[in-house]
Amino acid sequence: MTRRCSGIVLPALLALLAAATPARSQDAATLKKEMIGQWELSTTERGKTCVVTLKADSSPQGFKLELEPGCGAALPFTRDITAWSIKGLDIVRLQDAAGQPVIDFTEVESGIFEGLRQGEGIYILQNLAAARSLAKSMDQMIGDWSMVRGKGVVICGLTLTNTEADQDNFEVFLKPRCDPAVAAFAPTKWRLDRGQMILMSARGDIWQFEADDNAQWRRVPDSADPLIMLRQ
């Protein structure tokens, strides 16, 4: 059995590995091609943003890029960024003049990349057009909302604001005479996160809502008596 593995299976395995190598190179090449263009680099809640233009032109340590003039003031670490590159198969690196990483990004969903800077937190890199569309969606969320049960009974009113509660979230205020369950939850913060509306209490409890086909937000996981948020 051992001789059979070394005589037949091993050459076949080596052939498969050799055949796989060009495909891996193509993955990195495809990622590079997809990254060319304008991107928004931001904190997770988009309170601080910077437009980065990634180019295909070579530089001594990678590929050229441009940062908009306000980047250094908004995100001080960007002052060290002079080039970008693809590392491995799926890492988008923004690097300094010596080729060292300033921040590495990996794709977490289509067109959205996350990178961590130790001691600072997570930053987001996403297509500029998509980011501006998200900003428009965010603006549309600001204002008064009603929480209703599935049969249309209003159980609470609340106001979503664009006032920062912390690095990632914004303040929300409940109106008087809310249903006891909502009053006990007592959300104080909210944010949009990958297509969901997130409400959070001061204790760290979380309620998640997803938009449905009727331009309303339904709490998930769903139930027989759903909780829905409607814009007033």
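Q: What makes residues 1–26 a stretch to read with care?
A: Their pLDDT stays under 50. The model has four contacts beyond four places in sequence for residues 1–26. Where pLDDT is low, the predicted coordinates should not be read in detail.

Q: What makes up the secondary structure of the chain?
A: There are four helices and 16 strands.

Q: Which strands close into a barrel, and in what order?
A: Eight strands do, in the order E9-E10-E11-E12-E13-E14-E15-E16. Their pairing is antiparallel. From one strand to the next, the twist averages 30 degrees.

Q: Why do strands E9 and E16 count as paired?
A: Pairing needs at least two bridges. E9 (residues 143–149) and E16 (residues 227–231) are joined by five, so they count as a pair. The two run antiparallel. Val-148 stands opposite Ile-228 in E16.

Q: What joins strand E13 to strand E14?
A: Five bridges do, in the antiparallel sense. E13 covers residues 196–201 and E14 covers residues 206–211. Met-200 has Ile-206 in E14 as its bridge partner. The two strands form a hairpin, with four residues between them. In the turn, Gly-204 has a positive phi of about 100 degrees.

Q: How do you know that E14 also pairs with E15?
A: Four bridges join E14 to E15 (residues 217–220), so the pair qualifies. These strands run antiparallel. Gln-208 has Val-220 in E15 as its bridge partner.

Q: What makes Lys-189 and Asp-166 a salt bridge?
A: Their closest N and O atoms are 3.0 Å apart, so they meet the 4 Å cut-off. Lys-189 lies in strand E12 (residues 187–193), and Asp-166 in the loop between E10 (154–164) and E11 (170–174), so the pair ties together parts 23 residues apart in sequence. Lys-189 counts as partly exposed at 22%. Asp-166 counts as partly exposed at 30%.

Q: Why do Asp-193 and Arg-191 count as a salt bridge?
A: The N to O distance is 3.4 Å. The limit is 4 Å, so the pair counts. Asp-193, at 28%, is partly exposed. Arg-191, at 21%, is partly exposed. By this rule the count comes to seven salt bridges.

Q: Why is the ring pair of Phe-63 and Trp-84 called tilted?
A: First, rings pair if their centres lie within 6.5 Å. The structure holds five such aromatic pairs. These two centres are 5.2 Å apart, with planes at 45 degrees. Under 30 degrees would be stacked, and over 60 edge-to-face. The angle is 45 degrees, so the pair is tilted. Phe-63 lies in E3 and Trp-84 in E4 (residues 83–87), so the pair ties together parts 21 residues apart in sequence.

Q: Are Phe-63 and Trp-84 buried or exposed, and what makes them so?
A: The cut-off for buried is under 20%. Phe-63 has 16%, so it is buried. Trp-84 has 0%, so it counts as buried.

Q: What makes Phe-170 and Trp-190 a tilted pair?
A: Their ring centres are 6.0 Å apart and their planes stand at 45 degrees, so the pair is tilted. Phe-170 lies in E11 and Trp-190 in E12, so the pair ties together parts 20 residues apart in sequence. Both residues, Phe-170 and Trp-190, are buried.

How values were computed
Residues numbered from 1 in each chain as written. Predicted model: local features only at pLDDT ≥ 70, side-chain atom pairs only at ≥ 80, totals over all residues. Heavy atoms only, no water. Axes fitted to C-alpha atoms, helices over the stretch in contact; angles between N-to-C directions. Salt bridge = Lys/Arg side-chain N within 4 Å of Asp/Glu carboxyl O. Buried < 20%, exposed > 50% of the residue type's maximum accessible area, 1.4 Å probe, protein only. pLDDT = per-residue confidence, 0-100. Contact = heavy atoms within 4.5 Å.
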